[in-house]
Amino acid sequence: MIKRVAYFGGTFDPIHNGHLTVGRSLVKNFDLDRFYFLPAFHAPHKPDRIPTSGYHRFAMLSLATQNDEQLAVSDFELQTQEKRYTINTLPEIQRLHSNEKVFFVMGADSWTDINTWRDWEGVLLVSDHIIVTRPGYEISFDHVTDAVRERIIDLRGGKTFQALASGNERRIYITDAVRYDASATELREDLSDGELARKDDLPVEVAKYIEKYELYR
Ligand code: ATP
């Protein structure tokens, strides 16, 4: 059977248990062979804050995924050493997996902002996508075009994922398999205040790494 892989783009500054839960749930629910975290060199649509060095973000992702066989980290965007837009990265990643099915993954907040991305309709039409629910964010379809809307398969409410077997059409799957409330911004705020109220939201190895290298102070 054709292999299935997913790529989950983000800043991961730092990776938290919300991100990890997305990976683990989708591996199970979409029967994925590999789930890659794809740290951005610098998220182009989030210009307001310069992220922590890519080396540190990559190291934290590696520590967090080391014991899960299907979870992995891709250095693809960091290697390019320049701001990348998803519309440019996507075809190159698909080329790396020419005999596999590739899904791109995003959370509900990214979905809401999707029409601020460069060539967002192109992004949505050239690949399969999985949109995951995130506590505190609604998933609406008002902001996308009809061409995008007709590709949506809403799996919320316990529907199982079988549509894959039929045809090569690009689809946008909406799933509520993930319900984990965590946010990197809130974690950074806690850390800079010197108290980690939301400690349970960080993998232990990542918390240790942050302490060792005195990040987010
Ligand atoms: P911030 O709190 O600063 O927005 P973040 O926690 O969203 O940061 P990012 O690296 O910006 O972290 O997110 C990468 C991707 O992960 C985005 O698509 C985002 O929607 C998704 N995501 C982050 N946290 C969750 C969560 N708890 N549940 C589902 N998706 C999430």
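Biologist: Which backbone nitrogen does the side chain of His16 reach?
Modeller: This is a predicted model, in which local features need pLDDT of at least 70, side-chain atom pairs count only at pLDDT 80 or more, and totals for chains, interfaces and linings use all residues. Residues are numbered from 1 along each chain as its sequence is written, and side-chain values use heavy atoms, leaving out hydrogens and water. Polar contacts are pairs of N or O atoms within 3.5 Å; within protein, one must be able to donate a hydrogen and the other to accept it, and residues adjacent in sequence count only if both atoms are side-chain atoms. At 3.0 Å, the side chain of His16 reaches the backbone nitrogen of Gly18.

Biologist: Is His16 buried or exposed?
Modeller: His16 is found in the loop between β1 (4-10) and α1. Helices (H or I, at least four residues) and strands (E, at least two) are DSSP runs, numbered from the N terminus. Buried means under 20% relative accessible area, exposed over 50%, partly exposed in between (1.4 Å probe, protein chains only). His16 has a relative accessible area of 3%, so it is buried.

Biologist: Which residues does His16 touch, not counting those up to four places away in sequence?
Modeller: Contact means heavy atoms within 4.5 Å. Not counting residues up to four places away in sequence, His16 touches Ala182, Ser183, Ala184, Leu187, Asp201, Leu202 and Pro203.

Biologist: Which residue does a cis peptide bond join to Asp13?
Modeller: Stay in the loop between β1 and α1, where this proline is found. Omega is about 0° at the bond, and the partner of Asp13 is Pro14.

Biologist: What distance does α1 reach from its first C-alpha to its last?
Modeller: Its buried residues include His19, Leu20, Val22 and Leu26. The expected span of a helix is 1.5 Å times one less than its number of residues. For the 13 residues of α1 that gives 18 Å, and the model comes close to it, at 18 Å.

Biologist: What is the relative accessible area of Gln81?
Modeller: Gln81 also has a positive phi, of about 55°, although it is not a glycine. It sits in the loop between α3 and α4 (86-96). Gln81 is exposed, with a relative accessible area of 53%.

Biologist: How far apart are the C-alpha atoms of Phe30 and Val5?
Modeller: Phe30 lies in the loop between α1 and β2. It is buried, with a relative accessible area of 1%. Its contacts include Arg4, Ile130 and Leu155. Val5 is 25 residues away along the chain, yet the two C-alpha atoms are separated by 9.4 Å.

Biologist: Which residue caps the N-terminal end of α2?
Modeller: Helix α2 covers residues 54-65. At its N-terminal end, a side-chain oxygen lies 3.1 Å from the backbone nitrogen of Tyr55, and that oxygen belongs to Ser53.

Biologist: Why are the buried residues of α2 on the same side of the helix?
Modeller: They are Gly54, Arg57, Met60, Leu61, Ala64 and Thr65.

Biologist: How many residues does the largest nonpolar core have?
Modeller: A nonpolar core is a set of buried Ala, Val, Leu, Ile, Met, Phe, Trp, Tyr and Cys residues joined through side-chain atoms within 4.5 Å. Ile15, Leu26, Phe35, Phe37 and Val105 have the most contacts inside the largest one. Val105, for one, touches Val22, Leu26 and Phe35, among others. The residue count of this core is 34.

Biologist: Which residue has a side-chain N or O atom 2.8 Å from an oxygen atom of the ligand?
Modeller: 22 residues surround the ligand (a heavy atom within 4 Å), and Asp109, Tyr180, Ser183 and Thr185 are among the closest. The side chain of His19 has an N or O atom 3.0 Å from a ligand oxygen. A backbone N or O atom of Ala182 lies 3.4 Å from a ligand nitrogen. The 2.8 Å pair belongs to Arg134.

Biologist: Which backbone oxygen lies 2.7 Å from a polar side-chain atom of His143?
Modeller: His143 is in the loop between β5 (128-132) and α7 (146-149). Its contacts include Thr112, Ile114, Asn115 and Trp120. The backbone oxygen at 2.7 Å is that of Trp111.
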